[in-house]
Amino acid sequence: MPETLSEPVRRPGFFGRDKNFTRLLAIFVLVFIGCAILKPDLFLKASNFQSMAKQFPEFGLLSIGVALTMLTGGIDLSVVNIGNLAAVLAARVMISFAPKGSSPEQTLTVVVAAMVLALFVGALCGAVNGLLVSKIGIPAILATLGTQQLFMGLAIVVTSGRPISGLPMIYARYGNRNIFGAVPVVLAVFAVSALIVGVLLSRTRFGAKLYMLGSNATAARFAGINVDRLYVLAYMLSGLLAAVAGLIMMARSNSAKADYGISYTMQSILIAVLGGVSPNGGRGNVQGVVAAVLILQLLSSVLNMFENISNFYRDILWGIVMIGVLIINYLINVRDLRRQSQ
Amino acid sequence: MPGPGNLEEPMRFKRHLRRSEPYIFAALLLLCLAVELRSGQFFTGNNIVDLARSLTVPAIFCIGEMLVLISGGVDVSFPAIASLSMYVVSRYLDDYQGTVALNLFVGAVLGLVMGGLNGFLVARFRFPAMLVTLGTTSVFSGILFGALGAREYPVPPPMYDLGKAKLFSAHNPVSGLSSDMPVSILLLALLLAATWFLLNRTLTGRGIYAIGGDPVAAERAGFNLFRIQMFIYCFSGALAGLTGVIRGSMMLNCHPTNLNGMEMTCIAACVLGGASITGGKGTLFGVMLGITLMTVMANSLILIGVPTYWQRVFTGAIILVGTGVSAYQALRGRRKPGAVARRAGHA
């Protein structure tokens, strides 16, 4: 869809982004207070915060990956499947090379090697997406739709469709541990990844080029930017984050399967949009996405505390929130434009 | 059934080579021959009837999806619309005894309302159709499973009768199996004819191609963008609702989850058949070839000895190869000196 159709208003300047983040923070605070009032006894407990901190990193990482590709004007529908493929392969390696009864040193080496392999697989899958989008020219939604099937299919072939369990004990033990007895390892992994991507986007040449590519690919090409390479890098980064999410899912469930977390695809797109990433590319940042992840986690946790509300109501809520956010952003854009023209 | 003609390409033959229909037709033929050679069971009456049977529902979905794609959008919500219509019709008309036309009508109206919501959000605010329909999918399936608490449910008697009704029966003496040709295939034929007329013989149809090709130019030419988009999404929603009821009839039972994932198959089929994801292009003939190829693949891979585990890998590969060929040609055309590069990866 050409820009004129999907984005009637394009605001110059950088204040829009910051304003978006402020708005998200305000929403976060309001939701937090709302939750605290609704369920003070269950919500305001340290254990609740700890369990929330263990839940959101996996889909948070996927959301950041999707957001990165949306910044380039594309989308990545295959993140969940990349994560699962990476996890499945890592699990296979762990079980084959460190069977029960291996020495601790050997087990540790194998576990680390398997994790490195998973990250490599993630980056490779992402590179495939990036090449399909840039060198072959398949629209991102179709390319990643195709690789979604492909990666999931490969994971099914590797596992014969069954979950792989019986991983070395130390993997889940360290994966689910808290640092200093309070900060879950997975939260730390999420924080570090988000920080790295945030710095990449806002403080490096790579980030600046990525925004340029997303705002206007033609202009970026004529400005001498190696556009194809940039697409590949963006999708590789998304694949890498997906692999990290896959490793986290594997630690949480202590197993790997071809179709874990399928609903995360929709959810991570929703989070990216909620976080202010424009689906047409060129606008959005990591802070916004992280704020959106936290808001969604609060909503989801507090909904869980009402026992008589079916989980499926969450779907209705997510849908309404996503469309609502789109409409609110639209109205704000229209208002700002009117002010500018006055 | 040409799309808007390519003016700078006077040679007819070359133009046909640029289209995807010949390639997809060849691929389909090769696959059918391969299955026949390996199993000897492809060109048998009952296998063909079985294929037609499993083709009916996705083919109707594809008609709606194709219109949306031609207009430059994409719709991933039709399985949710169909499931919700199917369930509501089965559940709340369960002691209705009259003609099945009412069930079909109610299903179509429910679908029309839901499609109308998609259409309004896309046409009024000009949001990306992908995001809108992802959002409404979430809402519709939330209503289905949350508010209505959907589970397997028997279909009402008229729908059951429709599912049992057959045009004829094909018997295979070798395997001893026989298959019934469903009556619903007539409905598919009717819808195909109607849509062909709409696209090629009415101003609205030309408008659908026009807004997909270039919405600004189409508006300047006098097409009402809002009205055409509303029409497309209402039409595709109504088709989805109708198809939900047909699906329920053909399964003789209402399974609220078993249409999930159909959106991927149908989008892939449309694109394989030459409908452009960026809008403006697509023919009913091509799309029907596309969905036939997808169906033959799903039904027959096992006949040529491909293990079921590999099925998804093949589906993914076919989508990528099928879309890749035409995308690569377009990309090379765009990157010729002087041609303005369009942004890749933009849907």
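Let me begin with one residue: Arg126(B) sits in the loop of chain B between helix H5 (100-125) and helix H6 (129-147). Helices here are DSSP runs of H or I with at least four residues, strands are DSSP runs of E with at least two, and both are numbered from the N terminus. Although Arg126(B) is not a glycine, its phi is positive, at about 60 degrees. With a relative accessible area of 25%, Arg126(B) is partly exposed. In this talk, buried means under 20% relative accessible area, exposed means over 50%, and partly exposed lies in between, with a 1.4 Å probe and protein chains only.

Before I continue, a word on the source. This is a predicted model, in which local features need pLDDT of at least 70 and side-chain atom pairs count only at pLDDT 80 or more, whereas totals for chains, interfaces and linings use all residues. Residues are numbered from 1 along each chain as its sequence is written, chains are lettered from A and ligands numbered from 1 in the order in which they are written, and side-chain values use heavy atoms, with hydrogens and water left out.

I turn now to chain B as a whole. Chain B contains 14 helices and two strands. Along the principal axes, the C-alpha atoms of chain B fill a box of roughly 65 × 50 × 35 Å. Of the 347 residues in this chain, 54% count as buried.

A contact means heavy atoms within 4.5 Å. Taking the contacts in chain B between residues at least 6 apart in sequence, 74% join residues at least 24 apart. The accessible surface of chain B comes to about 14,700 Å², and 65% of that belongs to carbon and sulfur atoms. These areas come from the Shrake-Rupley method with a 1.4 Å probe, and for residues only the protein chains shown count as cover.

As to charge, chain B carries 26 positive and 15 negative side chains, and the centres of the two sets lie 11 Å apart. Lys and Arg count as positive, Asp and Glu as negative, while His and the chain ends are not counted. Each charge is placed at NZ of Lys, CZ of Arg, CG of Asp or CD of Glu.

Next, the cysteines. How many disulfides does the structure hold over all chains? The number is zero, a disulfide being a pair of cysteine sulfur atoms within 2.5 Å. For Cys62(B), which is in no disulfide, the nearest cysteine sulfur is that of Cys266(B), 3.9 Å away. Cys62(B) is buried, at a relative accessible area of 0%. Cys254(B) is likewise in no disulfide, and its nearest cysteine sulfur, that of Cys266(B), is 18 Å away. Cys254(B) is also buried, with a relative accessible area of 0%.

I now move to chain A. Chain A has 15 helices and four strands. Its radius of gyration is 21 Å, close to the 20 Å that the globule rule gives for 342 residues, so chain A is as compact as a globular protein of that length. The C-alpha atoms of chain A fill a box of roughly 75 × 55 × 35 Å along the principal axes. Buried residues account for 55% of the 342 residues in chain A. Among contacts in chain A with a separation of 6 or more, 78% are between residues 24 or more positions apart. The 26 positive and 12 negative charges of chain A have mean positions 4 Å apart.

Ser160(A) lies in the loop between helix H7 (140-159) and strand S1 (164-165). Ser160(A) has a positive phi of about 55 degrees although it is not a glycine, and at 24% relative accessibility it counts as partly exposed.

Met169(A) belongs to helix H8 (residues 169-175). Is Met169(A) buried or exposed? Met169(A) is exposed, with a relative accessible area of 61%. In sequence, Met169(A) and Asn254(A) are 85 residues apart, yet their C-alpha atoms are 8.8 Å apart in space.

Finally, Asn178(A) is in strand S2 (residues 178-179) and is partly exposed at 22% relative accessibility. Leaving aside neighbours within four places in sequence, Asn178(A) is in contact with several residues, including Gln50(A), Lys54(A) and Val183(A).

Definitions and conventions
The radius of gyration is taken over C-alpha atoms; the globule rule is 2.2 Å times the number of residues to the power 0.38.
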